[in-house]
Amino acid sequence: MYKIVLLRHGQSEWNAENRFTGWTDVGLTEKGVSEAQRAGNALKEAGFTFDLVYTNKLRRAIKTAWISLEALNLEWIPVVKAWELNERHYGALQGLNKSEMAQKYGEEQVHIWRRSFDVRPPALTSESPMYPGNDPRYADIPKDKLPLTECLEDVMNRVIPYWTQHIAPRITEGKQILVAASGNSLRSLVKYLDNVPNEEIMELNIPTAIPLVYELDEHLVPIKHYYLADEQTLAKSIAEVKNQGKAK
C-alpha cells in the first residue's frame, strides 16, 4: 500500500477578499499562515514524513509547503515547482469580487464559472497585464500552452499527465510525497483518482490547509482517503469554501 498527502494552500489575500484569483500571485493572510502551521502540526502528530514535495508556481502554495515542512523539520527535502499544478486560470474574472459578480450575473452563473467541469469563464486577451506570457516564471513554457481562461477539464488536461509522468512513478518507487497545490488542481486530481462523474464535481469542496491522505493499492487505485482534522474543523472549512461567491 502507498500513501500520498494532498494539501490545498492556506487562505490567501484574495480568498479573504472573496476575489477570483487563478494564476494571480497573491500571498497568504495571517490566517493562511496559521492554517499551514496547523497542517504541518497535524502531519507531524500523525507520524508523517516526506521525501519529496510537489507544488506549483504560486507563492500561496509554495509558502504553505514551506511552513508545513518547517513544522516537520523537513525544510531540506526537494521541492519541485510545476506550473502544471497551478490553480485554474479564471480568465477575465481574475481580481473581480465573487459576490459582486453573483449580484450582477446571478449566483448560479458564478457557481458554474467557479465549479463546473467544462464551462470556461470569459477569457483574457494576450494584451492583458495578467496574461501569463508577461510573467518570467512561465518564460520557458510554449505560448500555446499558456491559458487565457480555463475550465476544470482544461486543468485536468495538464494535471493528470503531470501526475502520470512525474508523481506516480515516484510513488511506486517508494517515495513519501506531499502535493501542496491549489483548490482546482487538487479537485482535478481527486476527480481522476476517485472517478468522480462530471455532474458531481461541482459539489466537491476541498478545504484550505487540511491534509487529505490517500491510501493507494499497488496500481495506485485508491483504497480509502481521509482528512487529518476533527469533524468540526473540517465542516467549518468546507462551509467557508462553499459560501465563497454567494451574494451578500
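Which side chains meet in a salt bridge with 2.9 Å from N to O? Select Glu173 and Arg170 and you have the pair. Here a salt bridge is a side-chain nitrogen of Lys or Arg within 4 Å of a carboxyl oxygen of Asp or Glu. Arg170 is partly exposed at 25% relative accessibility; buried means under 20% relative accessible area, exposed over 50%, and partly exposed in between, with a 1.4 Å probe and protein chains only.

Before moving on, note that this is a predicted model, in which local features need pLDDT of at least 70, side-chain atom pairs count only at pLDDT 80 or more, and totals for chains, interfaces and linings use all residues. Residues are numbered from 1 along each chain as its sequence is written, and side-chain values use heavy atoms, with hydrogens and water left out.

**Stop 1: further salt bridges**

Side chains of opposite charge can pair when their charged atoms come close. The whole structure holds 8 salt bridges. Select Arg120 and Asp154: their closest N and O atoms are 2.7 Å apart. This pair links distant parts of the chain, since Arg120 sits in the loop between H5 and H6 while Asp154 belongs to helix H6, 34 residues apart. Helices (H or I, at least four residues) and strands (E, at least two) are DSSP runs, numbered from the N terminus.

Next, pick Arg158 and Glu150, whose side chains form a salt bridge at 2.8 Å, N to O. Both Arg158 and Glu150 are buried.

Now show Asp25, Arg59, Asp135 and Arg137 together. Salt bridges that share partners join Asp25, Arg59, Asp135 and Arg137 into one network.

**Stop 2: the largest cavity**

Rolling a probe the size of a water molecule over the atoms shows where empty space is left. In this model the search finds 2 cavities of 30 Å³ or more. A cavity is a set of points, on a 1 Å grid over the protein atoms alone, where a 1.4 Å probe fits but cannot get out; lining residues have an atom within 4 Å of a point. Grid points are joined across faces, edges and corners, and a volume is the space filled by probe spheres set on the points.

Select Arg8, Glu87, Tyr90, Lys98 and Asn184, which lie nearest the centre of the largest cavity, among its 20 lining residues. The space inside the largest cavity is about 220 Å³. Colour helix H5 (107–115) and helix H7 (183–194) too, as each supplies at least two residues of this lining. H7 gives the most, with 3 residues.

What kinds of residue line the largest cavity? The lining divides into 4 nonpolar, 8 polar and 8 charged residues. In this count Ala, Val, Leu, Ile, Met, Phe, Trp, Tyr, Cys and Pro are nonpolar, Asp, Glu, Lys and Arg are charged, and the others, Gly among them, are polar.

**Stop 3: the second largest cavity**

The second largest cavity holds about 50 Å³ of space. By type, the lining of the second largest cavity has 8 nonpolar residues, 1 polar and no charged.

**Stop 4: helix H4**

Select residues 98–105, helix H4, where Lys98, Ser99, Met101 and Ala102 are buried. Look down the axis of H4: the buried residues fall within an arc of 160°, so they line one face of the helix. That arc is taken from the directions from the helix axis to the C-beta atoms. On the face turned away from the buried side, find the exposed residues Gln103 and Lys104. H5 is included in what covers the buried residues of H4.

**Stop 5: two buried residues**

Arg88 lies in the loop between strand E3 (79–81) and H4, and Arg88 is buried, with a relative accessible area of 0%.

Finish at Leu216 in strand E5 (residues 212–216). Leu216 counts as buried at 0% relative accessibility. Which residues is Leu216 in contact with, leaving aside its neighbours within four places in sequence? Show Met1, Tyr2, Ile4, Trp163, Val221, Pro222 and Ile223; contact means heavy atoms within 4.5 Å. Leu216 and Ile4 are 212 residues apart in sequence, with their C-alpha atoms 8.0 Å apart in space.

Terms used. 1 Å grid on protein atoms, 1.4 Å probe; cavity = no way out; pocket = protein on both sides within 12 Å on 5 of 7 lines; lining within 4 Å.
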